[in-house]
Amino acid sequence: FGATCWWDGSFQCDAADCPYDPEACPDGTTFAENYFPADLVNVCVPDIFLSVANASNQAMYFFTSVGIEYNLGTFSDVDPLDWVGAFNGDVCVGARQWDIARCSSGVCDLVVMGDENIEATEGYCTSGDIPTFKIYDASADTLYDAEASEQIAWSFNGLDIIDELNVSRDCNEELGGSAKIDDCGECSGGN
């Protein structure tokens, strides 16, 4: 990039990355000069999270722990380059880069947008909807379904604290898989 400045390999552009080349975003991400929340500038956003429109109808979900079960039975905190997204069905309704160093006391919030009866927020949450969550593992360029320790319905101006959000291994030991032990004791279903 330049004789005195070098890209540090992160998805966050800062003064040390001058001048930043928006074309340098890894596959599966797109450069955004400003991304909600407003403190994210010049960042490579995973493509699946790009469509989120800022809405005034919002709820905030706080997660005290977010992890991925890379090794069976052991959860590791997500990397600061990873992202957490919220979905209402197939519609992405909120996302943020999960860098706990940038969050209050290491607990990050995820703003989940609500429907405002306009086209830009069509399919967003309404009272009683229970959002689902996904974790984008930047190092693997993979989006995983995540399980929250509690399912809390969306409500306007909600401030909800959830202990854990994890990507687990299913009974086939597939990371983020959906296979379950059935009534016969067999591992069935899955991705």
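A pocket is an open set of points, on a 1 Å grid over the protein atoms alone, with protein on both sides within 12 Å along at least five of seven lines, and its lining residues have an atom within 4 Å of a point. Grid points are joined across faces, edges and corners, and a volume is the space filled by probe spheres set on the points. The largest pocket here has a volume of about 190 Å³. Of its 13 lining residues, those closest to the centre are Pro 131, Thr 132, Phe 133, Ala 146 and Gln 151.

The model is predicted, so local features need pLDDT of at least 70 and side-chain atom pairs count only at pLDDT 80 or more, whereas totals for chains, interfaces and linings use all residues. Residues are numbered from 1 along each chain as its sequence is written, and side-chain values use heavy atoms, with hydrogens and water left out.

The lining of the largest pocket draws at least two residues from each of β8 and β9; strands are DSSP runs (E, at least two residues), numbered from the N terminus. Strand β9 gives the most, with four residues. By residue class, the lining comprises six nonpolar, three polar and four charged residues, where Ala, Val, Leu, Ile, Met, Phe, Trp, Tyr, Cys and Pro count as nonpolar, Asp, Glu, Lys and Arg as charged, and the others, Gly among them, as polar.

The side chains of Lys 134 and Asp 145 meet with an N to O distance of 2.5 Å. Asp 145 is partly exposed, at 41% relative accessible area; buried means under 20%, exposed over 50%, and partly exposed in between (1.4 Å probe, protein chains only).

The whole structure holds two salt bridges. In the other, Arg 96 pairs with Asp 109, and the closest N and O atoms are 2.7 Å apart. Because Arg 96 belongs to β6 (residues 91-97) and Asp 109 to β7 (residues 108-113), the contact ties together parts 13 residues apart in sequence. Both Arg 96 and Asp 109 are buried.

Covalent links complete the description. A disulfide is a covalent bond between the sulfur atoms of two cysteines, identified here by sulfur atoms within 2.5 Å. The structure holds three disulfides. Cys 25 and Cys 44 are joined with their sulfur atoms 2.1 Å apart, and this link is left-handed, with -80° about the S-S bond. The pair connects distant parts of the chain, 19 residues apart: Cys 25 is in the segment before β1 (29-35), and Cys 44 in strand β2 (residues 40-46). Cys 25 is buried at 13% relative accessibility, and Cys 44 is buried at 1%.

Cys 103 and Cys 108 form another disulfide, S to S 1.9 Å, which is right-handed at 90°. Both of these cysteines are buried.

A further disulfide joins Cys 171 to Cys 187, S to S 1.9 Å, and is right-handed at 85°. Cys 171 lies in the loop between β10 (159-167) and β11 (180-181), and Cys 187 in strand β12 (residues 187-188), 16 residues apart. Cys 171 is partly exposed at 32% relative accessibility, as is Cys 187 at 30%.

Key:
Salt bridge = Lys/Arg side-chain N within 4 Å of Asp/Glu carboxyl O. 1 Å grid on protein atoms, 1.4 Å probe; cavity = no way out; pocket = protein on both sides within 12 Å on 5 of 7 lines; lining within 4 Å.
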